Amino acid sequence: MEQFLQEAQQIPWFSHSSKAREKYYIIYSIFEAYDDWNEQMLKTWEPHIFSLEDMAVKQIGNAQIDHIFSIVSSEIGDIIWKKWEHFITVQHLEEETGLENEMLDMVKRDIAWAYIEKILDVQGFFNTLLGIYKDGYFPCAWVGVYPDGQAVVL
């Protein structure tokens, strides 16, 4: 887990890699991400969460899942908070505040599930999301049916 967390701490959070722009459907508003795309995000994310959680409960148990979520949250929470604040300033989104806690909880959730996929030796949805975070984007929905289609990113 230590190596995974070190790699997560080095992610260029919310920095927008220019080479990845053509891969994603990019939106430029936090409010749009949350208000307009949240239903689609849940429709895409929830089946992956439920199936991975079922598998993880059987293989590592609820206590270990909770422990992973706790460690991921404590290890990357401050980093992503600082990077989010920088993102807000650079993108001139100061008028779109109020959702920080919910948005950053989504990031921590995705990263915790990506680690669980890793320890279960599953190349799944959350490792795809991890790649999007590594490209400097915030995945907030999916256009089409995963794995086809395209990530909607902020």
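Predicted model: local features only at pLDDT ≥ 70, side-chain atom pairs only at ≥ 80, totals over all residues.

User: What makes the span of helix H3 close to the expected one?

Analyst: Helices are DSSP runs (H or I, at least four residues), numbered from the N terminus. The expected span is 1.5 Å times one less than the number of residues. H3 (residues 38–59) has 22 residues and reaches 30 Å from first C-alpha to last, close to the expected 32 Å.

User: Where is the kink in H3?

Analyst: A kink of about 30° lies at Trp45, shortly before Pro47. The bend is the angle between axes fitted to the seven residues ending at a residue and the seven starting there.

User: Why is the pair of Phe14 and Phe138 called tilted?

Analyst: Rings of Phe, Tyr and Trp (its six-membered ring) pair if their centres lie within 6.5 Å; planes under 30 degrees apart count as stacked, over 60 as edge-to-face and the rest as tilted. Among the 18 aromatic pairs, Phe14 and Phe138 lie 6.4 Å centre to centre with 40° between the planes, and therefore count as tilted.

User: What does this pair tie together?

Analyst: Phe14 lies in the loop between H1 and strand E1 (25–26) and Phe138 in the loop between H6 and E2, so the pair ties together parts that are 124 residues apart in sequence.

Conventions: Residues numbered from 1 in each chain as written. Heavy atoms only, no water. Helix = DSSP H or I, 4+ residues; strand = E, 2+ residues; numbered from the N terminus.
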